[in-house]
Amino acid sequence: MVDKVQIRLTNTRTRSKEDFNPIDDKNIRVYACGPTVYDRAHLGNARPVVVFDVLFRLLQHVYGEDAVTYVRNFTDVDDKINARAAETGRPIRDITEETISWYHEDMKALGALRPTEEPRATDYIPQMVAMIEDLITKGFAYAAEGHVLFEVRKFSEYGKLSGRSLDDMIAGARVEVAPFKRDPMDFVLWKPSTGNQPGWDSPWGYGRPGWHIECSAMSAELLGDVFDIHAGGIDLQFPHHENEIAQSRCAHGSEVMANYWLHNEMLQVEGKKMSKSLGNFFTVRDLLDQGIPGEVIRYVLLMTHYRKPMDWTVEKVREAEKTLRRWHHATADLQPSEPHPDFIAALADDLNIAEAMSVLHRLSTDPSRDRSMLSSLLASARLVGLLTEKGGNWLTTQRIGGGSDVLIEELMSQRWEFRQLKMWADADRIRDQLSSAGVKVSENKDGSYTYEFTSDFDPVKLAAIK
Ligand code: AMP
Ligand code: ZN
């Protein structure tokens with residue numbers, strides 16, 4: 001194991017950047033709110049997945065691979081799912097199963113590791129019911145007309161995470177006023193189900209849980225009453241996380257639910273909020289189907305610090321693809337050594353991936369062309385899920401589907417690299433192979449070049465060049 005690096009994280013709970021000190025350094029416990037499974041994950045949903053995947057990998061690197069328990073749930077009971085079932089006439093279970101398998105496929109394509117546990121809400125109904133009963137017994141919740149509500153006024157620290165007072169919240173929020181609520185801010189722990197709505201028997205009648213109680217029940221079951229890190233998008237800070245904290249702290253009588261709260265900022269597309277009406281709404285699958293490799297998407301998502309809003313642009317995709325091609329080639333025949341200490345230090349500083357990436361750029365362009373730098377580049381990139389062997393597949397598969405220009409550019413940059421390394425035979429081999437595939441290249445002294453296709457140009461031969 002590596003010498004322990006001190007990780008620092010910006011903790012939303014305390015509004016400051018703090019040293020990360022785990023409760024138990026043999027078992028670091030992390031919870032991230034996962035998707036509601038009724039449709040393909042959109043690009044925005046991929047941001048927390050990739051960001052917290054890097055956190056997971058960093059924690060594993062520092063504390064040991066088996067020393068981290070990372071839980072990310074699936075919300076598989078929700079009114080959006082019920083609506084989708086009603087629209088399509090399909091059983092709920094089919095929809096959630098299919099969406100979960102899509103999610104796994106798409107997030108794998110982005111190089112995200114599977115969390116240690118991926119609990120489904122519907123597998124934890126007894127734990128939710130028990131927690132709700134406990135909250136009623138302790139006087140924090142009340143049953144009314146088949147509903148159970150959490151009584152927000154009973155928890156004096158409600159609103160502390162998001163820094164709002166209860167009165168601000170009432171003024172600003174779209175709270176549902178209902179006759180059975182003692183206060184408009186009280187939120188649902190349990191609600192009645194009728195007709196085709198999914199439901200379970202409970203002390204309050206046939207019904208289903210509210211959304212917030214899921215995360216409180218599942219995190220307590222899998223990580224304990226108090227755990228290390230709770231993560232999610234900033235859009236979840238209020239009311240979802242505020243409500244999770246209220247439920248968990250009141251049920252367990254604890255000072256905190258999690259010691260560190262991490263929130264990622266939102267993703268936009270070309271400067272605008274992603275929305276179906278603006279026509280800039282993409283799922284991860286849409287982008288993969290357009291031929292943008294998952295590794296490139298991952299790189300773009302990592303270019304912006306997680307606490308800053310990020311903009312997805314075509315320009316960034318181009319830049320990412322170019323950089324990754326260069327790095328793949330520069331490291332093609334190398335074995336990874338150790339991640340560079342500067343790279344780790346940047347990651348440990350509140351996941352400053354932009355800074356970490358600039359370390360990689362430095363390693364890849366080091367004028368000494370030292371192979372040990374490139375081996376370290378490879379190890380560093382792999383630590384954050386880039387330049388993995390699998391990821392590199394797109395370099396060749398994309399060639400087959402066309403893109404001769406990209407391929408030639410890539411081979412020429414490889415030739416340039418060989419020349420810099422004074423590996424003349426390899427450099428010449430590329431020129432000769434291009435020529436025999438029917439690509440005639442004219443090179444200038446400064447490294448620039450032009451090329452044309454001869455009449456015997458053979459794209460298959462071109463694609464086969466290694
Ligand atoms: P949802 O299924 O809508 O609850 O979202 C799942 C996850 O994606 C949550 O952690 C959200 O915070 C996150 N998320 C949703 N939209 C965006 C976005 N545009 N940018 C970044 N994260 C998002
Ligand atoms: Zn949650």
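This is a predicted model: local features need pLDDT of at least 70, side-chain atom pairs count only at pLDDT 80 or more; totals for chains, interfaces and linings use all residues.
Residues are numbered from 1 along each chain as its sequence is written, chains are lettered from A and ligands numbered from 1 in the order in which they are written, and side-chain values use heavy atoms, with hydrogens and water left out.

**View 1. The zinc ion (ligand 2) and its four donors.** Cys33 (SG), Cys215 (SG), His240 (NE2) and Glu244 (OE) coordinate the zinc at 2.1 to 2.2 Å. Donors here are N, O and S atoms within 2.8 Å of the metal (3.2 Å for Na, K and Ca); water is not among the atoms, so a site may look incomplete. Along the chain, the spacing reads C-x181-C-x24-H-x3-E. The donor angles run from 79 to 130°, and the site is classed as irregular.

**View 2. His240 and Glu244 on helix α7.** These two sit four residues apart in helix α7 (residues 237–252), so about one helical turn separates them. Helices are DSSP runs (H or I, at least four residues) and strands likewise (E, at least two), numbered from the N terminus. Both His240 and Glu244 are buried; that means under 20% relative accessible area, with exposed over 50% and partly exposed in between (1.4 Å probe, protein chains only).

**View 3. Asp79 paired with Arg208.** Their closest N and O atoms are 2.8 Å apart, making a salt bridge. The pair ties together helix α2 (residues 79–88) and strand β8 (residues 207–209), parts that are 129 residues apart in sequence. Asp79 is partly exposed at 38%, while Arg208 is buried at 5%. A salt bridge here is a side-chain nitrogen of Lys or Arg within 4 Å of a carboxyl oxygen of Asp or Glu, and the count comes to 35.

**View 4. Lys160 meets Glu157.** Back to our opening residue: this salt bridge spans 3.3 Å, N to O. Glu157 is partly exposed, at 28% relative accessible area.

**View 5. A salt-bridge network.** Arg415, Arg419, Asp428, Arg431, Asp432 and Glu443 are all linked in it.

Methods:
Four donors count as tetrahedral if all angles lie between 85 and 135 degrees; four count as square planar and six as octahedral if opposite donors are over 155 degrees apart and all others between 65 and 115; anything else is irregular.
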